[in-house]
Amino acid sequence: MSPLKRVTYFVGLPILLIVLWYALSFGSTNFFVPKPIELAQTLWTTWIGDRFFDDVLPSLGRLAVGLFFAIALGIVLGLLIGSTRWLRNLLEPLLEFFRAIPPPVLVPLLMLLIGVNDSMKVAVIISGAIWPVLLNTVEGVRAVDSVLNDSCRSYGIAGFARIRYFVLPAVTPQIMAGVRQSLSIGLILMVISEMFASSSGLGFTIVQFQRNFAIPEMWSGIVVLGLIGLGLAIIFQFVERRVLHWYHGLKEITHDS
Amino acid sequence: MTVSETTMNQPVQAVPMLSVRGLQKIYKVPGGEVEAVRDLTFDLAEGELVCLVGPSGSGKTTLLKCISGLMEQTSGTVELNGSKVTGPPKSMAVVFQEYGRSLFPWMTVRANVELPLKNQKVPKNERAALVDAALKSVGLDHVPKSYPWQLSGGMQQRVAIARAVAYRPQVLLMDEPFAAVDAQTRADLEDLIRTIWKQLGVTILFVTHDIDESVYLGERVIVLSSSPTVVQEDLKIDLPAERDQLNTRALPRFMELRSHVYAEIQRAKLGPVTEQITAQRRASLK
Ligand SMILES: Nc1ncnc2c1ncn2[C@@H]1O[C@H](COP(=O)(O)OP(=O)(O)OP(=O)(O)O)[C@@H](O)[C@H]1O
Ligand SMILES: [Mg+2]
């Protein structure tokens, strides 16, 4: 696809929807649905300035720290559990149980345990976003190719070298699939952790707007969240293309033949 | 440990490089046992190139896995240079049947060949020289930056061979390495193996189910019976050392040898069945 074509595909539908929205809200006086231009203005005046530094950046910071630890811990623990058979058999039912708990219910618990602070919010993000990475990694390690494994063994590639050159790259496709889910879970939990007993952050501000009937501001907050999600998706794709270029190439070839 | 060191330390009446004694492997499967290999005994002297032929399912892969220390045998012993093999030995390299799954798809050809050396902490310069030489010897010095999956099957298997060659093993085990490549490539690869063998003086055990291939390649051919497997015959191949695809295969001696091996394999396949029939007859005579 040519770059121009790609850009057209990328922005085509959003533009169409905005036009549609503009047409439908033209002349409407509904208090709860803002008009596009009004919303764009609000977006600018509400979020560019102090709020950006007081609410948006701290939220993003907590999200970044939470995701980093969720992914790093998920990979490390996943490699450990996946390569130790007894540990895997012992822990797997338990892990599935924890994964099944909806993470928002952990917020009150973590508030009691940690208190209402940044650590609690980061902990909420980690406790929800770790599972897809962790379980995918365990599953991936279990399924590494037996012939590659034998190759490693016969060349004496063991221990850390085995992880570094064989297991970790082999599991990367599963890890990335897990990370993709973790990103959206992380974003959700970032907002939820700020809705309870908090005095700043994106989630807090949006709820605040809603309570004060600042409807266009509330909508603009939702747009900010959407943009953050989009940003995460773009970063993810960029990283995934680099890390897994071999995987996509391999898949393309096996599908062709 | 280098090859020359060990040769120097060896007594003149050398211990065989590889010695297999009474090897048996029984697989435990749900609801019973499968005896893949019953009783195998044979030796490989240092620098020999021996082919192992046997019908499909006769336990060739099983045998190779036991020899290479990747799998534990049920009974019997494998000795490399006089010491018992209990795990994958350092001085052995294996080329697997499934070439598509034995190279790391996330590494370039060069990185694949280099990895075992890197793992052995071979200094960088030496490593580069070894990798270059190995890639050159298999005729792949033009694609070091490609990924394995961008190459044809025959080329992938050559990368796997280059990796084994660069590692400088004392013993090289190959499990039907050419089973899945086309006839022309296969002929080239066969000549490649003989060239490498002569250059490196490495001991090679080459497993195949192709009779012609075994006779063309080997200095000796070991014929396996069908499962449960024993050594059916151990045959010396007295063909000239210089072999080439056209002339060697046209030699009357080549024809004789291949017919002989063919007959042995047929006998191997029929073996247990004929025994069964005789047993039945005997039973019905009573
Ligand atoms: N992991 C296993 N578990 C149980 N049985 C096995 C296992 N691997 C091999 N076998 C059995 O052992 C016998 C020998 O198998 P093996 O793969 O060693 O034969 P082979 O000579 O290499 O065959 P081929 O020429 O098809 O590669 C077969 O009957 C097979 O079903
Ligand atoms: Mg086999």
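**Reading an interface and a ligand shell**

Author: Between them, chain B and chain A bury about 2300 Å², with 66% of that on carbon and sulfur atoms. Keep in mind that this is a predicted model.

Reader: Which residues in chain B lose the most area to chain A?

Author: Those are Arg101(B), Trp106(B) and Trp149(B), together 33% of what that side buries. Counting contacts is another way to read the interface: 29 residues of chain B are in contact with 22 residues of chain A.

Reader: How many salt bridges does the rule find across the interface of chain B and chain A?

Author: It finds 2. Arg101(B) forms a salt bridge with Asp145(A), and their closest N and O atoms are 2.7 Å apart.

Reader: Which helix gives the most to the side of chain B that touches chain A?

Author: Helix 3 of chain B does, with 4 residues. By class, that side has 19 nonpolar, 5 polar and 5 charged residues.

Reader: Happy with that! Now, what lies around ligand 1?

Author: The residues around ligand 1 include Tyr27(B), Lys60(B) and Gln97(B). By class, the shell divides into 3 nonpolar, 7 polar and 2 charged residues. Helix 2 of chain B supplies the largest share, 3 residues.

Reader: Which side chain has an N or O atom 2.6 Å from an oxygen atom of ligand 1?

Author: That is Thr61(B). A polar side-chain atom of Glu176(B) lies 2.8 Å from a ligand 1 oxygen atom, and a polar backbone atom of Gly59(B) is 3.0 Å from one. The protein covers 62% of the 640 Å² of accessible area that ligand 1 has on its own.

Notes: Residues numbered from 1 in each chain as written. Chains lettered and ligands numbered in written order. Predicted model: local features only at pLDDT ≥ 70, side-chain atom pairs only at ≥ 80, totals over all residues. Heavy atoms only, no water. Near = heavy atom within 4 Å. Polar contact = N/O pair within 3.5 Å; in protein donor to acceptor, adjacent residues only side chain to side chain. Areas by Shrake-Rupley, 256 points an atom, 1.4 Å probe, with all protein chains shown as cover. Helix = DSSP H or I, 4+ residues; strand = E, 2+ residues; numbered from the N terminus. Nonpolar A, V, L, I, M, F, W, Y, C, P; charged D, E, K, R; others polar. Contact = heavy atoms within 4.5 Å. Buried area = accessible area lost by both parts, 1.4 Å probe. Salt bridge = Lys/Arg side-chain N within 4 Å of Asp/Glu carboxyl O.
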